[in-house]
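Let's take a friendly look at a protein together. Have the sequence and the 3D view ready as you read.

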Amino acid sequence: MTEDPKAAGARPETQVRIGQGVQGRRELLVKGLWICVWLVFLSSPIQDLTGGRHTTAGTVAGAVGLTVFVGAYLTLVFRQMGRPFSPWAVALLLGTLLVLAPALTYGLGTRWSGLFVYLSVACGATLPLRLAYWAIPGSAVAMYLVGLRWGVYSVDNDMLMVVLIGFAMVGVSQLVRTTIELRKARATVAQLAANEERLRLARDLHDLLGHSLSLITLKSELAGRMLPDHPDRAAQQVGDIEQVSRQALVDVREAVTGYRRPRLVVELAGTQVALTAAGVAAELPPEPDLSGVPEEAESALAWALREAVTNVVRHSGADRCAVRLTHRQTLDGPMLELAVEDNGSGTGNGGFGNGLTGLTERLEKAGGTLEAGRARHGFRLVARVPAGPAGDVGSGA
């Protein structure tokens, strides 16, 4: 996996996280603006209050009722986007809206009918799907019945807006729920993968060390019994113990080297995550065919991809990056070519830094080559490694 873009000085993630609580002032501002922009429907009630059409008692009652209504609405919808309230709290707040919207419209006039829009939105955002299907049309029906009090006997555009906006909010709520479920599923998959890796590590260590340690224990006990009467044979057992322990040490080192060797498929997945988090549009190949490619060559190519993506994220300032894998037939035999090209300003130093220099040495050790430099529209890195005795000539990823 590539290093964390934030730790590497990458541009901060610009997406607002859906279905999660607010973290930071920026998310608070974005989500607050997204909710408050819909308060435009309150312009008519506010103009009605300030127009002097009602008595002093009516104006005060309307102002208090409108304040309570807006506070309940914002509290309900804002919290529902992150950490939802308990069902009892949702019922209390929704009941407050359900009482105030008809009461204010019935008492103060049809200019207050826009409150039913907020009632419909709150129903779509907080109620279960089955209840929302009934509550949203019910809000429109309540709006029509209250309108009869003021002589409105026809179905107008405001009633249609109540229904449409309410069901639109149902779609948004379903999107939020789906996003939360996908996030939980992704975390579960990651946990299962980590558990599987732990089990594999435990199994490999048991296979590597179980027999060796058992043999060392057995020969140690045998040498201890032979030592008083047969010191020569005990010395032979001690020599066997040393040989077995040295071989076990070699096996462990080889196993650890295998665990630390990067895999190209894993690095491609990490590339997608790193570039997306850095706000770079990524063009990646499908899962590559690595049959016949030596492990050392694949590892070197994975290191090349990691170094190239790190440079894109940290230094290039690019907003697009393309990664391509191609099998080529050359005079030196089949080669697997990795090309990483961005539209940024390059690595920042105009030449090979320590990372690219070390990468060149790693590729040369695996029998490969590295080319890096300015391209027509940015920076381009090309790494080639032997693809083994077999390979498709000119087949591209």
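## How covered is a residue?

A residue is called buried under 20% relative accessible area, exposed over 50%, and partly exposed in between (1.4 Å probe, protein chains only). At 21% relative accessibility, Arg384 therefore counts as partly exposed, while Glu337, at 7%, counts as buried.

The model you see is predicted: local features need pLDDT of at least 70, side-chain atom pairs count only at pLDDT 80 or more, and totals for chains, interfaces and linings use all residues. Residues are numbered from 1 along each chain as its sequence is written, and side-chain values use heavy atoms, leaving out hydrogens and water.

## Salt bridges

The structure holds 10 salt bridges (a side-chain nitrogen of Lys or Arg within 4 Å of a carboxyl oxygen of Asp or Glu). In one of them, Arg384 meets Glu337 at 2.9 Å, N to O. Arg384 lies in strand S5 (residues 379-386) and Glu337 in strand S3 (residues 333-342), so this pair ties together parts 47 residues apart in sequence. Strands (E, at least two residues) and helices (H or I, at least four) are DSSP runs, numbered from the N terminus.

Glu337 also forms a salt bridge with Arg328, the closest N and O atoms being 3.2 Å apart. Which residues are linked in a network of salt bridges? They are Arg328, Glu337, Glu371 and Arg384.

Now look at Arg324 and Glu283, whose salt bridge has its closest N and O atoms 3.3 Å apart. Arg324 sits in strand S2 (residues 320-330) and Glu283 in strand S1 (residues 281-283), 41 residues apart. Arg324 is partly exposed at 37%, and Glu283 is partly exposed at 43%.
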